[in-house]
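Dear colleague,

I am handing over the structure that we spoke about, and my notes on its helices and strands follow below it. Please read them with the model open beside you.

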Amino acid sequence: MNTATDSPAATATDTRVVQGACPHDCPDTCALRVTVEGGRVVRVQGDPDHPPTHGALCTKVSRYAERTYHPERVLQPLRRSGPKGSGSFEPVSWDMALAEVTTRLRDIAARDPQAIVPYSYAGTMGLIQGEGMAGRFFNRLGATRLERTICSTAGGEALAVTYGGKLGMHVEDFAHSRLILIWGSNSITANLHFWSFAQQAKRDGARLVCIDPRRTETADKCHQHIALLPGTDGALALGMMNAIIADDALDADYIARHVAGFEGLRERALAWPVERAAAVCGVPAETIRALALEYARTPGAAIRLNYGVQRVHGGGSAVRLAALLPCITGAWRHRGGGLLLSSSGWAKGVRNFALERPDLLCGRQPRAINMVTIGDDLLRPASAGFGPRIEALVVYNSNPVAVAPDSNRVQQGFGREDLFTLVLEHFLTDTALYADIVLPATTQLEHLDVHTSYGHTYVLMNQPAIAPLGQAKPNTEIFRELARRMGFDEPCLRDSDEALAAQALPGIDIERLRAHGWLRLPVPDRPFAEGGYATPDGRAQVAPQGWGVPDHVPPHESVQSAPELARRYPLAMISPPPRNFLNSSFVNVDSLRAAEREPIVEIHPDDASQRGIADGDRVRIINDRGIYRCRAVVGLRARPGVVNALGVWWRAWCEGGSNVNVLTSQRLTDIGAGPTFYDCLVEVVRA
Ligand SMILES: Nc1nc2c(c(=O)[nH]1)N[C@H]1C(S)=C(S)[C@@H](COP(=O)(O)OP(=O)(O)OC[C@H]3O[C@@H](n4cnc5c(=O)[nH]c(N)nc54)[C@H](O)[C@@H]3O)O[C@H]1N2
Ligand SMILES: Nc1nc2c(c(=O)[nH]1)N[C@H]1C(S)=C(S)[C@@H](COP(=O)(O)OP(=O)(O)OC[C@H]3O[C@@H](n4cnc5c(=O)[nH]c(N)nc54)[C@H](O)[C@@H]3O)O[C@H]1N2
Ligand SMILES: [Mo]
């Protein structure tokens, strides 16, 4: 926290507390209380009254002022003055920067607007500073549409076909669970406010089971840890179903009334005796059987499924199977029973999904590009199947050079001298270093926004606490200004942020939201206790129309599914987030980077000794896509055969200027065309 303004000079009369919302890509979407003294933010705290936040923030966001007042914030427009990627920039006026952008985009759009590609994700989850005005601008332009798949589409689509939407338990209800399977989630790192409810349940006698290849800090605090191989969750769910059927622990009444297609699922599960599942998952058969029966027989059994399970080839099918477990055991009947992967679908009734105004396309249907394959797509020539070569990229709310897979390809693409790249950013990230023009964007402390959440059932408003620093402008303002200069005169391209806020949440009394800061959505208690899924027939779907019965889909890259490749690269690598970073955000905040120290890979003692690697050795992690250098941590956080390379570090902070994504591949998931970050074979060698 910046303490410079905690001086006696700031008088009590200057002090204000502003109601905010955390903008980050995290299920918790905390309500904030921001203390401003003498025009400067001195504290960012959790709102004690907002039930999920409960007055507590994670270490990252409690440092939000340090990030906002960071000496390296980009606070004026910059123009490239050296080769691409060199990081040489000269400051220019807003007028010059926008004039140059307008000239370049106009010129390209005159040939084909689809040669312009927006690239954005969830740097902010806000509905206004996210795609609010940006979406309108690109729709009006007729630019390529971006498939925003980099995180959750495999699981999201799987949930949607099974339940009819991204619907799940109230996070508060986990306090009443008797058994919680924390499945593919390092909750203490990635979902802290769920963890408080799980702790409450634990104090009341609930058992907590962590299902994760890595022994995480969350696994340390659960009663049991099941360290399966990455990408084998579908097999685990099927083995569990097999045991549940064999032991007649099904809820036949719930199935008869609320599950469509159960016979197909029974047949599938019968092909998966626990011994078969055990061999695929790399865990003892008895562990699977015991887990299954405890799960089926405990009233109030909950699953906190998270996106960690779906970053592999079979991620979508695994989520479909896991989502069916509480339906065949009737877990949904009980308070504290059911499943939560995402709860964002509960906002459907209040949120305007056409905020981005697809009507501005006026019937045009620009091509779509998957953000996961930006590496290949930037290097693709024009062709009949692909359309025009990408000539311009407009990046905001994302850091693709660091976060997208197969990043040597991504870097090569961004390095094209004939590509025009505009980046809206707070910092000179790995991506901004490749920009032709960088425009300074405001942070959450400096702009207005409204938020829904994917981990709780409230909507929130974020009031600006301070004026924009330096010459920074909100994303919305930048796109309004670009629209004006491009000569787009539709009135909706001039809407203010206040107007956008009201349009974003037509189902919400915006004045009440403004006055209160957050409001609870009207979500039913025990939502599926009596069925009522959002599917056409109201039942949970095993095999919805056009889909088969789900089965385990093996990883693209594993010892079992790709033995040839595994001879050269025998270790499976996962790269989940560390506690002090949020994707690639916060890597440049000194106190947080100091806490993470340096890029590391965790490796099991057996795998390390076979390779002559000792704890603390410098190592190279290699495969055909790249080389990542970091330090080995030898210990039991890694299971045999799997290494954990934590975090998406900025290339700028890593030896040799690479990060973990030089190793990951652009191959996609079975459902939802998502990324397969945790489906990646490597070898580790001593440096
Ligand atoms: N501190 C912090 N919090 C975050 C983030 C962050 O970067 N840092 N990121 C945010 C974002 S964008 C998201 S999407 C969520 C992500 O949060 P989660 O959905 O929880 O996903 P991950 O953190 O990717 O993975 C969670 C766990 O899954 C495990 N895992 C990896 N592969 C497998 C597998 O095949 N099967 C199983 N069962 N487990 C596996 C990993 O070891 C990890 O412990 O968290 C958000 N919160
Ligand atoms: N190997 C590996 N790779 C991964 C993952 C993994 O687990 N392993 N996780 C994946 C996941 S789950 C996700 S969601 C993606 C995330 O990828 P991204 O969405 O790209 O997330 P960040 O890396 O946090 O980058 C967000 C950027 O947006 C900027 N930003 C924030 N707010 C604003 C704003 O208001 N305006 C503007 N203009 N910019 C803003 C921040 O400064 C930051 O640089 O990464 C994925 N990549
Ligand atoms: Mo994510």
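**Helix packing**

The crossing of helix 2 and helix 17 is right-handed, meaning that the near helix is turned clockwise from the far one, by less than a right angle. This is a predicted model, in which local features need pLDDT of at least 70 and side-chain atom pairs count only at pLDDT 80 or more, while totals for chains, interfaces and linings use all residues. Residues are numbered from 1 along each chain as its sequence is written, chains are lettered from A and ligands numbered from 1 in the order in which they are written, and side-chain values use heavy atoms, with hydrogens and water left out.

Helices (H or I, at least four residues) and strands (E, at least two) are DSSP runs numbered from the N terminus. The axes of helix 2 (residues 94-111) and helix 17 (residues 475-486) come within 10 Å and cross at roughly 60°, and the two helices are therefore oblique to each other. Axes here are lines fitted to C-alpha atoms, for helices over the stretch in contact, and angles run from 0 to 180 degrees between N-to-C directions; angles under 35 degrees count as roughly parallel, over 145 as roughly antiparallel, 65 to 115 as roughly perpendicular and the rest as oblique. On the helix 2 side the contact (heavy atoms within 4.5 Å) includes W94, L98 and R106, and on the helix 17 side it includes I478, E481 and M486.

Helix 8 (residues 233-246) and helix 10 (residues 262-270) pack with their axes 8 Å apart, at an angle of about 105°, which makes helix 8 roughly perpendicular to helix 10. Here L238, M241, N242 and I245 of helix 8 meet L265, R266, R268, A269 and L270 of helix 10.

**Strands**

Strand 17 (residues 437-440) points I437 and L439 one way and V438 and P440 the other, and all are buried, that is, under 20% relative accessible area, with exposed being over 50% and partly exposed in between (1.4 Å probe, protein chains only). Strand 17 runs parallel to strand 16 (residues 420-425), joined to it by 4 bridges, and L424 has L439 as its bridge partner. With strand 4 (residues 78-80), strand 17 pairs in the antiparallel sense over 2 bridges, and there L78 is partnered by V438. Two strands count as paired if DSSP finds at least two bridges between them.

Elsewhere, 3 strands form an open antiparallel sheet in the order 18-19-20. Strand 18 (449-451) and strand 20 (518-520) stand at its edges with a single partner strand each, so one side of each has no neighbour in the sheet.
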